[in-house]
Amino acid sequence: MTPADTKYYENYLDLFATDGWKQFLDDLQDRLDAYSIDYLTNEKELFKTQGEIAVLRGTLGFEAFIKQALETN
């Protein structure tokens with residue numbers, strides 16, 4: 001791993017260790033948990049909601065993604 005790669009991963013690990021990151025994830029999880037398809041009235045709303053959920057799940061899984069990438073390098 002290059003020094004630049006090492007710094008890249010260290011920066012993320014530092015971020016993940018902060019209370020702010022944990023708070024951010026908790027807020028995102030609360031938003032994700034609040035989604036319901038019961039109120040959707042058409043396909044456009046469904047597709048929008050699916051996109052929002054995908055972004056939330058991607059962000060919530062980002063820490064695991066980075067840690068897995070670090071382990072494989």
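Modeller: Let us begin with Glu63, which counts as buried because its relative accessibility is 18%, where buried means under 20% relative accessible area, exposed over 50% and partly exposed in between, found with a 1.4 Å probe and protein chains only. Please keep in mind that this is a predicted model, in which local features need pLDDT of at least 70 and side-chain atom pairs count only at pLDDT 80 or more, while totals for chains, interfaces and linings use all residues. Residues are numbered from 1 along each chain as its sequence is written, and side-chain values use heavy atoms, with hydrogens and water left out.

Colleague: Which residue forms a salt bridge with Glu63?

Modeller: In general, side chains of opposite charge can pair when their charged atoms come close. A salt bridge is a side-chain nitrogen of Lys or Arg within 4 Å of a carboxyl oxygen of Asp or Glu, and here Lys67 forms one with Glu63, their closest N and O atoms being 2.8 Å apart. Lys67 and Glu63 are 4 residues apart in helix 4, so about one helical turn separates them; helices are DSSP runs of H or I with at least four residues, numbered from the N terminus.

Colleague: How many salt bridges does the structure hold?

Modeller: The structure holds 2 salt bridges, and one of them joins Lys48 to Glu52, with the closest N and O atoms 2.6 Å apart. Both Lys48 and Glu52 lie in helix 3; Lys48 is exposed, at 54% relative accessible area, whereas Glu52 is partly exposed, at 25%.

Colleague: Where is Thr49, and is Thr49 buried or exposed?

Modeller: Thr49 sits in helix 3, which spans residues 43-60, and Thr49 is buried, with a relative accessible area of 5%. Contact means heavy atoms within 4.5 Å, and, not counting residues up to four places away in sequence, Thr49 touches Tyr35, Tyr39 and Leu40.

Colleague: Which residues make up the largest nonpolar core?

Modeller: In soluble globular proteins, nonpolar side chains tend to be buried together. A nonpolar core is a set of buried Ala, Val, Leu, Ile, Met, Phe, Trp, Tyr and Cys residues joined through side-chain atoms within 4.5 Å, and the largest one here has 6 residues, namely Tyr9, Phe16, Trp21, Leu25, Ile66 and Ala69. Helix 1 (3-16), helix 2 (19-34) and helix 4 (62-72) each supply at least two residues of this core.
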